[in-house]
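Here's a quick tour of the fold, meant to be read with the model open beside you.

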Amino acid sequence: MAIYVKSVIMNIFFDLDGTLIDSRERLYFLFQHLVKESDLSFDEYWKYKRSKISHRDILLKIFRYSDHQISVFEEKWMLCIEEKEWLVFDKPFEGVLDYLNSIRKKHVLFLITARQSKVKTIEQLDRLGFLDVFERVFITGQKLEKYDLIANVINLSKEDWFVGDTGKDIQTGKKLGMRTAAVLSGFLSKESLLEYYPDLIATDVMKLSFG
Ligand SMILES: [Mg+2]
């Protein structure tokens, strides 16, 4: 007797920064550029960030910044963070493009990111060879939530997946009624991500198997 395995086509949503590309150098170098007095190493900076210690707290507690200095920093940060001179530090995680090309044979892949600039994000995705992989790219432009961009636009089922590196990604996937996978390749530690109860936790996306 033949056994038929039901193959389910799933929608899989991937976050970009920290999930598909390593943006840690971009953020660290920009921080060092803006905070001239900082002698934090890459590892020290990311140890704070991965424990969910915000820039505000780092600036306040370590560098004794005033509220005004913090506001100036935050404004400059938002202005610079997606500029080309900083985006060049981004690198796709090794093997991620091959991985995406292999799973897109069975599933429908979407990219969802909270970047500010649609034009610069599309340019970068094109440059990195990511653009053809996705059925559709969603960019919040920091004007909408990721949830608002997807809900009522894509027909979702509870078989679908939301993959990201932050608590917000996991919360978004859950709110959309999807399964959630957290990856440790990005901005948060395992301890920080466990607080959001993702269905899966993996060191990076390549460890995720969707069948
Ligand atoms: Mg991310």
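Strands β1 (residues 11-14) and β4 (residues 108-113) run parallel and are joined by four bridges. In that pairing, N11 sits opposite V108 of β4. Helices here are DSSP runs of H or I with at least four residues, strands are runs of E with at least two, and numbering goes from the N terminus; two strands pair if DSSP finds at least two bridges between them.

This is a predicted model, where local features need pLDDT of at least 70 and side-chain atom pairs need 80 or more, while totals for chains, interfaces and linings use all residues. Residues count from 1 along each chain as its sequence is written, and side-chain values use heavy atoms, with hydrogens and water left out.

Zooming out, β1 and β4 belong to an open six-stranded sheet with parallel pairing, ordered β5-β4-β1-β6-β7-β8. β5 (136-139) and β8 (200-202) are the edge strands with a single partner each, so one side of each has no neighbour in the sheet.

Angles run from 0 to 180 degrees between N-to-C directions, using axes fitted to C-alpha atoms, for helices over the stretch in contact.

| Helix | Strands | Angle |
|---|---|---|
| α6 (residues 96-103) | touches β1 and β4 | about 160° with β1 |
| α9 (residues 167-175) | lies across β6 (161-164) and β7 (179-183) | about 170° to β7 |

Overall, the protein has ten helices and eight strands. Its C-alpha atoms fill a box of roughly 70 × 35 × 35 Å along the principal axes. Of the 211 residues, 48% count as buried, meaning under 20% relative accessible area with a 1.4 Å probe, protein chains only.

Technical notes
Contact = heavy atoms within 4.5 Å. Buried < 20%, exposed > 50% of the residue type's maximum accessible area, 1.4 Å probe, protein only.
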